[in-house]
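Here is a brief report on selected sites in one chain. Please keep the sequence and the 3D view at hand.

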Amino acid sequence: PGSPRLDDFDAVIVRTMPPGSLEQVVFRMDLLHALVDRGIPILNPPRSLEVCVDKYLALVRLQAAGLRVPETIVCQHADAALEAFDQLGRDVVVKPLFGSEGRGMVRVSDPELAWRAFRAIERTDAVLYVQKFVPHPGWDLRAFVLNGKVLAAMRRTANGDWRTNVAQGATAKPVTLTPEQEELALLASAAVGTVAAGVDLLPGPAGELYVIEVNAVPGWRALGPTTGVDVGRALIAAVSCGGDRSAARATTRPSRDGVALAALRSPPHPSAHYQSSLRFDLRQAAVWEATARKAGNVHRFQDFADVSYADFILSAGAAAPELTLARHRPLGDTVLAAICATRAVVQTNTNLGIVLLLTPLAKVPQGSELRAGVHNVLKHTTIEDAARVYEAIRLAVPGGLGSAKEQDIADAPTLPLRDVMALAADRDLVARQYANAFADVFDHGVPALLDGLHRFKCIEPAIQHCQLVWLAHHPDSLIVRKRGLEIASEASNWAQAILDIGSMGTSGGQAAYDAFDRWLRADSHARNPGTTADLVTACLYVALRERTITADMPF
């Protein structure tokens, strides 16, 4: 009696997943899922906790995302484990399925000791998780990922032990990750659906990097003192709605500048710095848009039944490399390549609108004025571009597409891409940008984003404000296709009403935004303003490329 209930809190940060009976573990996860259903942010989301607490399930997700992991065999009987021992080269690490900080891990290279260890584990009815030992130089990297960015990183050097965990005596020092290391950490975190994660990267004998673990309840006892980052404050800022966001400013390192400096150390060709920066900006725009708690959309604390936050982050990582190549090939080829890359990592449409919007912008050459450049890009689109885009649309299978009287997506196009888009400009906001050379983005969306940043001093409320301004002036195309113009217009009226009472800057505006969010989600997410989300991504990319917003700004 008198003890606070979990649903009395504004947010919950999960700091441990203690061992227990199956009933206890299931109950804890059920409780977290119930809190999410009540709209309480959980860090990390329950679905990602379920994945990360289970080494086997996490391994499957990492492999599915195309990441390098040590060769692993999981079995239930000692004789099968002994066969795995031989198959893996007679030098293996045996791990408990659940556990962290190097506890319970055993390295065995002697067949007799291996058999004894396997028999002992078998008698406890535990699973035998047998992993090939990766020869390494005695150190690994721990990257702390938060909200789609690497908050801090350290290099851990073993002290007379094959394990590099600080809890096992390793020493740590701060490190700036290379662009490749940073992207690997972000992809690993996304693959298991975490918002905050400790990602361990281990260099192999040839320098190749293995993802050893993604910890969804990472500690920072060593990371904080080593890097000077106040991780606790950053986590609180990540789950807080409004309030003091100064922690993010104090603790978030300038990721883009760090990436650029790392890339400059050993550029493979003169344009490496630009390519790295372009790729980062493209991915960062999509990550920020997916991460921000926008009304009615998937974000870091809200999934849909058929698509998750992790899907959007994986999609951003998959599409960005293809978009980076936009300058060097036809527009339609880039759109199709980006959608093919996305389909290799997710099973549903996450980013067709984003790819269609970002490709013409990314195609503008370095040093060119972006607005004039995108106008020139669109002016020179071809019938072949239209054919490739049609193929990409059919591959993505967007919701509520329907049919058209002219140049229908099921047929072969006979007009250049911009002309085809102009035919749909009155019913689709993405097509409208092709028709008017992104006038809405430059004249309307980007100013709204920057206005929100000026008002609220943080990226997330600026994104929410930009979403409201878009919706207030343009009924969302996806809502129109799925629920009709009347419902879409009702959503626009909601957005305008929230702007009228102060947007995200007042308690009344925040309360109204929360109610708007619930209304958008109430109809099985059919009122999801997905096209508006795509347009917000385009605005973020323009602002990042023009450096009116930088990645070191507080989220």
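## Asn351

Does Asn351 count as buried or exposed? The model is predicted. In it, Asn351 has a relative accessibility of 6%. The cut-off for buried is under 20%, so Asn351 counts as buried.

Asn351 sits in a loop. Helix 13 (331–343) comes on one side of that loop and helix 14 (352–362) on the other. Leaving aside residues up to four places away in sequence, Asn351 touches Ser315, Ala319, Ile339 and Thr342.

## Gln496 and helix 22

Gln496 belongs to helix 22, which covers residues 485–500. Its relative accessible area is 30%, so Gln496 is partly exposed.

Gln496 and Gly207 are 289 residues apart along the chain. Their C-alpha atoms are separated by 54 Å.

## Helix 23

Helix 23 runs over residues 507–522.

The buried residues of helix 23 are Gly509, Ala512, Tyr513, Phe516, Asp517, Trp519, Leu520 and Arg521. An α-helix has 3.6 residues a turn, so residues three or four places apart point the same way. Which helices are included in the cover over the buried residues of helix 23? Helix 20 (459–473), helix 21 (477–483) and helix 22 are among the elements that cover them.

Notes: Residues are numbered from 1 along each chain as its sequence is written. This is a predicted model: local features need pLDDT of at least 70, side-chain atom pairs count only at pLDDT 80 or more; totals for chains, interfaces and linings use all residues. Side-chain values use heavy atoms; hydrogens and water are left out. Helices (H or I, at least four residues) and strands (E, at least two) are DSSP runs, numbered from the N terminus. Buried means under 20% relative accessible area, exposed over 50%, partly exposed in between (1.4 Å probe, protein chains only). Contact means heavy atoms within 4.5 Å. The expected span of a helix is 1.5 Å times one less than its number of residues.
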